[in-house]
Amino acid sequence: MGTDARHERPVGNPAAGVVHRLSLRHETLATVESLTGGLLSASIVEIAGVSGVYRGGLVVYATELKSQLAGVPADLLAERGPVDPDVAAALAEGGRRRCGADWGLATTGVAGPEPQDGKPVGLVYVGVAGPGGTQVRRLDLDGGRDHIRSAAVIEGLRLLAERIQAVDTDEAGPVDADRAGTARR
């Protein structure tokens with residue numbers, strides 16, 4: 001695995017952490033990729049034991065396939081183009097729905113070397129759809145094509161891990177501090 005948005009190697013394997021947590025929760029994952037072109041799904045299926053978690057994914061590099069396969073509204077794509085936060089959300093939601101998964105993780109952006117439809121190289125959106133709703137994160141990445149794609153994978157997995165943690169926290173209820181200063185649920 002490459003480097004993240006700050007050009008640092010992640011501690012541990014972000015894909016392994018996500019697969020492990022989803023396995024413990026008995027939940028499933030689907031991916032929809034544009035600029036990462038299968039790199040995200042490849043990083044996930046490298047993990048032993050993933051077959052109980054990973055339902056599958058779509059690589060929708062061509063704009064029309066985002067609508068045809070992932071269910072992104074054609075009018076949204078026509079109005080805003082494929083590199084847009086609402087498109088990232090629709091990709092994640094569409095992948096989740098089409099693959100029958102609990103969670104959907106999507107990537108869309110411009111890896112370069114040239115800008116696309118007025119969008120700069122390095123502009124990336126990662127989206128997660130799951131039990132707690134949908135969230136999109138904008139990334140403004142620098143570096144070459146390989147770094148942008150690798151960082152998009154790492155940052156997408158990080159966003160998914162954060163969303164799983166948020167759902168875990170919501171399910172556990174509020175945290176109260178007792179007199180000893182420890183937390184209990």
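Me: Why are strand β4 (residues 123-130) and strand β5 (residues 133-140) called paired?

Reply: In this predicted model, eight bridges join β4 to β5. Pairing needs at least two bridges, so the two strands count as a pair. They run antiparallel.

Me: Which residues of β5 are the bridge partners of Leu 123 and Val 124?

Reply: Leu 123 has Asp 140 as its partner, and Val 124 has Leu 139. Two residues lie between β4 and β5, and the strands form a hairpin.

Me: What is the order of the strands in the open sheet?

Reply: The five strands follow the order β2-β1-β3-β4-β5, and their pairing is mixed.

Me: What makes β2 (54-59) and β5 edge strands?

Reply: Each has a single partner strand, so one side of each has no neighbour in the sheet. On average, neighbouring strands here are turned by 15° against each other, direction ignored.

Me: How do you know that helix α6 (residues 145-172) packs on the sheet?

Reply: The helix touches β1 (29-33), β3 (103-109), β4 and β5. A touch here means heavy atoms within 4.5 Å. The direction of α6 makes about 30° with that of β4.

Me: Why is Thr 28 called buried?

Reply: Its relative accessible area is 16%. The cut-off for buried is under 20%, so Thr 28 qualifies.

Me: Where is Thr 28, and which residues does Thr 28 touch?

Reply: Thr 28 sits in the loop between α1 (14-25) and β1. Leaving out residues up to four places away in sequence, its contacts are Gly 52, Val 53, Arg 55, Gly 100, Ala 101, Asp 102 and Trp 103.

Conventions: Residues numbered from 1 in each chain as written. Predicted model: local features only at pLDDT ≥ 70, side-chain atom pairs only at ≥ 80, totals over all residues. Heavy atoms only, no water. Helix = DSSP H or I, 4+ residues; strand = E, 2+ residues; numbered from the N terminus. Axes fitted to C-alpha atoms, helices over the stretch in contact; angles between N-to-C directions. Buried < 20%, exposed > 50% of the residue type's maximum accessible area, 1.4 Å probe, protein only.
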